[in-house]
Amino acid sequence: MQIIFSQNLNKNVLPLLKIPEKCGFLESWLCRKGAGRSIDSIFLGRRDESGVERCVLLISNKPRKWWLAGLLSLFEPGLGQIYNGQGLKGLIFLVLPLIFFPAFYFLCRGGEHLVWILGSAAVLVTVFYLAAVLDALFTARKYGNEFQPKKYNKLLCYIGIVLLVGFVNIQISSFIKNNYIQAYKIPAASNEPTLLIGDHILVDRHITAKNPNRGDLIVFEYPEDPNKDFVKRVVAVTGDTVEIRNKVLFVNGLAVLEPYVMHKDAAVFSANLGPRDNFKLVSVPENSYFVMGDNRDKSYDSRFWGFVEKHEIKGTVKDIYWSWDGVKDVVRWERIGKTFR
């Protein structure tokens, strides 16, 4: 408890607070008009030997827990500041990430150096979180027992802030994934040796990235199941002719040099046994693409289920930002930062 004032009732308190003359109304009035502070009790009485009647207003102190302030800011930067009664500072911490995102969009527009951009962003976010947590922690310790709750220091307010920020973050994340960049993990070996199981890739989702050229690695909706995303290499575009003779790819009648392709099976199947090694001549229709995996003997691609239509393309593979070897349980450091044209 803290004594806020103890003054002569007739000369000081009445002019300042316009307190009604009757004590019965005094407590009720101050509890409603106490500037948003939590008032425990108010009493009038003979407080000194001279008989001077004084008013004593007692207001609850609710000391800030430093560990809770830090934890709240760790959970959501700015929330610890609001818990400490620093509404403006808390609002700044909450809004700053919304300023970071436009800058992030601008840097990613070209679709180049995405790994380094993300690395810098990770450092910036780490510093930002540390600043928010340390500020909330030390401010709470500085207040000690001298803290009077503000109107917004209520559980309902904290919950509302978390829900609002969460909703905004979901919308921003969805916007980024649909228009700028999306991360994927490679689960299969159909594109070895270019993409290995455990590689984590960044896919450029700008409009220009949805118009791939020959040789580009693309992510697209699997035509036989749109709920699944596939990664393959574009080998032919609209108007091209495609043919495979004894494992050799021919586009527009010319054999294609493919240094990235791998053949693990020495056997060559005739066209009667399947389209894997011998594929009859076809022409790629308008707004369509012929795609194949680099691990040609282990890839289920356009040879088996046909063309990828333009509207099914989600983006073009640009970088490997992380790679984990699940067999050896080690990081493939040499693959991190690898880029694709």
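Some conventions before the details. Since the model is predicted, local features need pLDDT of at least 70 and side-chain atom pairs count only at pLDDT 80 or more, while totals for chains, interfaces and linings use all residues. Residues are numbered from 1 along each chain as its sequence is written, and side-chain values use heavy atoms, with hydrogens and water left out.

I start with helix H3, residues 66–75. Helices here are DSSP runs of H or I with at least four residues, strands are runs of E with at least two, and both are numbered from the N terminus. Buried means under 20% relative accessible area, exposed over 50%, and partly exposed in between, with a 1.4 Å probe and protein chains only. In H3 the buried residues are Ala-69, Gly-70, Leu-72 and Ser-73. They sit on the same side of H3, because they cover an arc of only 160° around the axis. That arc is taken from the directions from the helix axis to the C-beta atoms.

Next, the backbone. Between strand S4 (181–185) and strand S5 (199–204) there is a loop that holds Pro-193. The peptide bond from Glu-192 to Pro-193 is cis, and its omega is near 5°.

Last, the loop between strand S8 (241–245) and strand S9 (248–251), where Asn-246 is placed. Lys-247 is in the loop between S8 and S9 as well. Asn-246 is not a glycine, yet its phi is positive, near 50°. Phi of Lys-247, also a residue other than glycine, is positive and near 80°. Which of these is buried, and which exposed? Asn-246 is exposed, at 51% relative accessible area, whereas Lys-247 counts as buried, at 15%.
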